[in-house]
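Visitor: I would like to go through this model with you. Could we take it piece by piece?

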Amino acid sequence: MTLEHHQRFRRRRAIAGLALLALLALLTTALRSHGATHRTKPDSIVHHAAVARVTPAQREALTHEAEEKAIDSVLAYTPAVTSGGSRGHELALTFDDGPGPYTQQLVGVLNRYHVHATFFAIGEEERYFSAGSSLELRSGDVIGDHTETHPMMATLSAHDQREELVEQIARIELLDGPRPRLFRPPYGSFDATTLHLLHQLHLLMVLWSTDTDDYTLPGVGAIVQSALAGAHPGAIILMHDAGGDRSQTIAALPTIIADLRARGFHLVTVPQLLRDDPPPAGQPLPKSLSGD
C-alpha cells in the first residue's frame, strides 16, 4: 500500500467512525420516541459516551474534509486568491521558502501562542530540513506547494513547470502529510501554462494581500509595522521561515500575534479562512507579481 493510499484509508476509516456515531445517536432518539427510554442510557450519559468515542484522528479527518471542500468550492470560480472574504475577523499568517534551519524555532513560537499557520515549502529543502516540516504537520499547520527548486515559473516550459509542482507534492506525501492543495509561485511568477497545470492538479494558487518584506532584514519593528498595517479581515500576510537569517521574523512574531488579537483578529490557516469566509466570486484574476 502506498503512502497516499494508506493516508486515504485512515481518513475514510475516521470518517466512517463518525458516521457510525451519528447512526447510534439516531437510533437512540428513535428508541426514546417509542417509549423505550427505560431501556436506554440517560441523555447526558449517551452524549458523553458519544463524545468520548470521537478520536482526535476522526476530528482531524472531519476538519480536513471540510477544508478540502472549501478549496474545491473556491476553485470552482477562481484559480487564484490574494485574500479571503471581508465579512469575518479572520486572517492568515503564511511563511515561504522553508523548511530551513530556523523553521522549528519559528513553529515553536506559533505553538506557544496556539497559532496555526500555512507554510509554502520548497521540495528540495526537505532533504536537509524535513524535521521542520514534520513539526508543522504534527502542530496542525498546513503545508502548500512552493515548487521543488524555487524557480521563476513563467520562464519554464510546461514540462519543467509540472515537474516543479509534482516533485514537491511527492516530498510532502513521503512525510505522511496531506497532499498539498495550495500553491504559491516563487517570486509571484506564473503564466497561462502555470494556471493550466494548477487546474489539472487541483491546486489553488494563493498569493498575498500583505508582504512584510521580512526577507530584506528591515528590523523587527519594521516587520511588525508592515504586518499590522496590512491587517484586515481576510488578509493573507506573507513572511518567511527560511531563505536566509529569519531571527528578525521570529522575534517579531509575538508582538504581531498579540497586537492582531488585541484588534479582534483570529489567526487561522488559509484552508480555514477559505472555509469560514471565502473571497467573493467575480473578482479580477491576479496578475503575475513578477511582471512576467
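Visitor: Which strand does Val142 lie in?
Guide: Val142 lies in strand E4; strands (E, at least two residues) and helices (H or I, at least four) are DSSP runs, numbered from the N terminus. This is a predicted model, in which local features need pLDDT of at least 70 and side-chain atom pairs count only at pLDDT 80 or more, while totals for chains, interfaces and linings use all residues. Residues are numbered from 1 along each chain as its sequence is written, and side-chain values use heavy atoms, with hydrogens and water left out.

Visitor: Why does Val142 count as buried?
Guide: Val142 counts as buried because its relative accessibility is 18%; buried means under 20% relative accessible area, exposed over 50%, and partly exposed in between (1.4 Å probe, protein chains only).

Visitor: And what does Val142 touch?
Guide: Not counting residues up to four places away in sequence, Val142 touches Ala117, Thr118, Phe119, Leu182, Thr269 and Pro271, where contact means heavy atoms within 4.5 Å. Val142 and Thr269 are 127 residues apart in sequence, yet 6.7 Å apart in space, C-alpha to C-alpha.

Visitor: Changing topic: where is the kink in helix H5 centred?
Guide: The kink in H5 (residues 126-139) is centred on Gly132 and is about 30 degrees; the bend at a residue is the angle between axes fitted to the seven residues ending there and the seven starting there. Gly132 is also one of the buried residues of H5.

Visitor: What follows H5?
Guide: Gly140 follows H5, with a positive phi near 90 degrees.
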